[in-house]
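Here is a short briefing on one protein. Keep the sequence and the 3D view open as you read.

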Amino acid sequence: LRSGVERLGDMIAGASVIVPFTGAGISTESGIPDFRSPGGLWTRNRPIPFEEFVARQDARDEAWRRRFAMDDTFAAAQPGRGHRALAALYKAGKVPAIITQNIDNLHQASGFAAGDVVELHGNTTYARCIGCGKRHELDWVRQWFRRAGHAPHCTACDEPVKTATISFGQAMPVDEMRYASQLAQNCDLFLVIGSSLVVWPAAGIPMLAKESGAKLVIINNEPTEQDEIADLVIRHDIGETLGPFVGN
Ligand code: NAD
């Protein structure tokens, strides 16, 4: 491990444009469970596909009940060592923007400007109408749910309101995918942190970076789908690996 971390330090020092790409694993230290590890969200609940959310009020009610059940977890979550190390590289001018599959807002909380966090799967700290796209705050959704006993419809167009996340079966955000691709094609070091790289099309972005000439580093405590094409794989805890870069 020591030599892996040393090599990572050398690669960071030698790179001029670094693009991080994060997944649920960077936020487990912050108390947010990931998807696929034992005890992760998937082992407890089958995800609700987008078409079910659109079609059925009971699916929407269930989706919102699950989200409310996570309220305390998201409210208590603070950036961990991984988030802080990446924010330090951003402040140092080495990281133009960060690509994330996470929906927890913790990169913004660690110091990234909102415009420099490319959220491939959206954000669960607010909601949007699936018809007109109007933003709604979660407090409003909670009040509606309490009053009406079911999930809300948009005040502007009456279509269902959903967390501002991308569900299975829902279209990927076009601008974010384009910007992520540009970033991947224009960096010399691409850091995958805490992703099993099984969710597509997001998992295509690290491959694009590698094909475009960037060095590819993967930090994850279990094997990922792209370990064979990586220049360096650190199979270890993220906080312990990146903590030393911010002095803890
Ligand atoms: P994933 O659950 O498929 O993979 C996470 C990986 O991180 C796993 O391989 C796990 O072994 C590893 N990991 C967990 N904690 C770690 C640690 N402390 N150190 C090192 N490795 C660690 O997650 P994914 O690839 O991001 O895909 C799941 C999808 O679920 C994402 O697209 C995302 O939208 C969503 N999701 C987001 C959050 C969040 O926002 N925090 C949480 C759960 C799921």
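The protein divides into domain 1 (1–31 + 80–120 + 173–248) and domain 2 (33–76 + 122–165). Their centres, taken over C-alpha atoms, are 27 Å apart. This is a predicted model.

**Where the domains meet**

- Domain 1 gives 9 residues to the contact, and domain 2 gives 12 residues.
- On the side of domain 1 that touches domain 2, there are 2 nonpolar, 5 polar and 2 charged residues.

**Around the ligand**

- The ligand has 29 residues around it, of which G23, G25, F35, N102 and S195 come nearest.
- Sorted by class, this shell has 8 nonpolar, 15 polar and 6 charged residues.

**The annotated active site**

- UniProt, in an unreviewed entry, places the feature "active site" at H121.
- H121 sits in the loop between strand 3 (117–119) and strand 4 (122–129).
- Is H121 buried or exposed? H121 is buried, because 20 other C-beta atoms lie within 10 Å.
- Not counting residues up to four places away in sequence, H121 touches Q101, I103, T165 and I166.

**The annotated binding site**

- For "binding site", the unreviewed UniProt entry lists F35, I103 and D104.
- These residues span 70 residues in sequence, yet no two of their C-alpha atoms are more than 13.2 Å apart, so they gather at one spot.
- I103 lies in the loop between strand 2 and helix 7 (106–109). The place of D104 is also in the loop between strand 2 and helix 7.
- I103 counts as buried, with 21 C-beta neighbours inside 10 Å. D104 is buried too, with 23 other C-beta atoms within 10 Å.
- Leaving aside neighbours within four places in sequence, I103 is in contact with H121, G122, N123, T124 and T165.

**Helix 10 and its cover**

- Which residues of helix 10 (residues 204–211) are buried? They are I205, P206 and A209.
- An α-helix has 3.6 residues a turn, so residues three or four places apart point the same way.
- The cover over the buried residues of helix 10 includes strand 1 (18–22), strand 2 (98–100), helix 9 (174–185), strand 7 (189–193) and strand 8 (215–219).
- Just after helix 10, G213 takes a positive phi of about 105 degrees.

**Backbone details in the loops**

- The peptide bond from W200 to P201 is cis, with omega near 5 degrees. P201 is found in the loop between strand 7 and helix 10.
- L197 is in the loop between strand 7 and helix 10. L197 is not a glycine, but has a positive phi of about 60 degrees. With 22 C-beta neighbours inside 10 Å, L197 counts as buried.
- N105 is another residue other than glycine with a positive phi, near 70 degrees. The place of N105 is in the loop between strand 2 and helix 7. N105 is partly exposed, with 19 other C-beta atoms within 10 Å.

Note on methods
Residues are numbered from 1 along each chain as its sequence is written. This is a predicted model: local features need pLDDT of at least 70, side-chain atom pairs count only at pLDDT 80 or more; totals for chains, interfaces and linings use all residues. Domain bounds come from an automatic or database domain assignment. Two residues are in contact if their C-beta atoms, placed from the backbone, lie within 7 Å. Ala, Val, Leu, Ile, Met, Phe, Trp, Tyr, Cys and Pro count as nonpolar, Asp, Glu, Lys and Arg as charged, and the others, Gly among them, as polar. A residue is near a molecule or strand if its C-beta atom, placed from the backbone, lies within 6 Å of it. UniProt positions are given in the numbering used here, feature names are shortened, and annotations may be inferred rather than shown by experiment. Helices (H or I, at least four residues) and strands (E, at least two) are DSSP runs, numbered from the N terminus. A residue is buried if 20 or more other C-beta atoms lie within 10 Å of its own, exposed if 12 or fewer, and partly exposed in between; C-beta atoms are placed from the backbone.
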